[in-house]
Amino acid sequence: MRIAELIPTRRPFLSLEFFPPKERDTWPKFFAEVEKLKALDPLFVSVTYGAGGGTQANTLDVVTHLKREMGLEPMAHLTCVGASSAALGEFLRAISDAGIENVLALRGDPPKGVADFTFAGQEFQHASDLVRFIRVNFPHMGIGVAGTPTMHPESATLEDDLKWLKHKVDAGGQFVVSQLFFDNALFLDFVGRLRERGVSVPVLPGIMPIVSMKGAEFIASLNGKAVFGKHYAAIEAAFAKGGDDAVRELGLAHATSQIQGLMDAGVPGVHLYPLNRAEACLEIINNIKM
Ligand SMILES: Cc1cc2nc3c(=O)[nH]c(=O)nc-3n(C[C@H](O)[C@H](O)[C@H](O)COP(=O)(O)OP(=O)(O)OC[C@H]3O[C@@H](n4cnc5c(N)ncnc54)[C@H](O)[C@@H]3O)c2cc1C
């Protein structure tokens, strides 16, 4: 079912994001973690592509398995940077044939190691181009888009970013999944500003529990330290004092308090990034009063 139609059926809900491990021989272990997370009864699960998420083929095979073998409602991430309409069409047809009804339409980051890469002249320059392409060629497909409460690093101002996010929704984005953030006030302000601009689609907060210093460093390498706000210094202080045990304790307490605060503020649901590991998420959700 399309996620936009599922969202009004339950409040609040949880959704989960997975990244397909690159090594296929580790997939049984990965699916075992997913099986444990089924206890949270996620409204949908999303599967990344590229940027640490492996290949398009992995995304396709994982969403197919989650749908057919595990009875979950998957959303495939799809990036358009450097891609042709033929290649994007082929992937969309393949997921459609597998019964997948939802895509998170993303631009993606500039390819690493390509000197002088520029978006100008590319067939797809912005995520909104991909949203339009899907709307026209795969009109039955549900479409989510990404939003960044801390402002996308390429934007000059938050105003610009909000303007382009509205543009992406107007092109056919049916709901927004947010980039991770660690300060609820930023997210709630972001949603308020979108509402002032007439964006009425659901905006799902993305929450990631940080459970190790390595995990924090990995996220910083993908998204920059700015995304953490003051939380990065707190993680470093915890690590210096008590190593990863202290980071985990801090990370779980922080994510629990964030999710509780967001639910109390009336968000429709929370999108959790479990980093393919069930234990921490189950611990957090057990402590939430829904
Ligand atoms: C929930 C979530 C999941 C993600 N999953 C993945 C994944 O699986 N794989 C992956 O590789 N990456 C993923 N990303 C990262 C994403 O690809 C990067 O953040 C990327 O840099 C921007 O993607 P976007 O879809 O937000 O791009 P866009 O919406 O195109 O925005 C990118 C920048 O361009 C600006 N902009 C947008 N439209 C226009 C326009 N028409 N004219 C001028 N400026 C414009 C925006 O304000 C922003 O600064 C994810 C991000 C999020 C939040």
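Biologist: What covers the buried residues of α8?

Modeller: Helix α9 is part of that cover, where covering rests on contact (C-beta atoms, placed from the backbone, within 7 Å). This is a predicted model, in which local features need pLDDT of at least 70 and side-chain atom pairs count only at pLDDT 80 or more, while totals for chains, interfaces and linings use all residues. Residues are numbered from 1 along each chain as its sequence is written.

Biologist: Which residues of α8 are buried?

Modeller: In α8, residues 213-223, they are Gly215, Ala216 and Ile219. Buried requires 20 or more other C-beta atoms within 10 Å of the residue's own, exposed means 12 or fewer, and partly exposed lies in between, with C-beta atoms placed from the backbone.

Biologist: Why are the buried residues of α8 said to line one face of the helix?

Modeller: Seen down the axis of α8, they fall within an arc of 100°, so they line one face. The arc is that of the directions from the helix axis to the C-beta atoms. Lys214, Glu217 and Ser221 are exposed, on the face of α8 turned away from the buried side. After α8 comes Gly224, with a positive phi near 85°.

Biologist: Why is Phe190 called buried?

Modeller: Phe190 has 24 other C-beta atoms within 10 Å, so it counts as buried. Phe190 belongs to helix α7, residues 184-196. The C-alpha atoms of Phe190 and Pro149 are 5.5 Å from each other, although these residues are 41 apart along the chain.

Biologist: What makes up the largest nonpolar core, and which residues have the most contacts inside it?

Modeller: The core has 76 residues, and those with the most contacts are Ala76, Val103, Ala105, Leu130 and Ile134. Helix α9, residues 231-264, gives the most to this core, with 7 residues. A nonpolar core is a set of buried Ala, Val, Leu, Ile, Met, Phe, Trp, Tyr and Cys residues joined through C-beta atoms within 7 Å. Setting aside neighbours within four places in sequence, Leu130 contacts Leu78, Cys80, Leu88, Ala105 and Phe124. In soluble globular proteins, nonpolar side chains tend to be buried together.

Key. Helix = DSSP H or I, 4+ residues; strand = E, 2+ residues; numbered from the N terminus. Contact = placed C-beta atoms within 7 Å.
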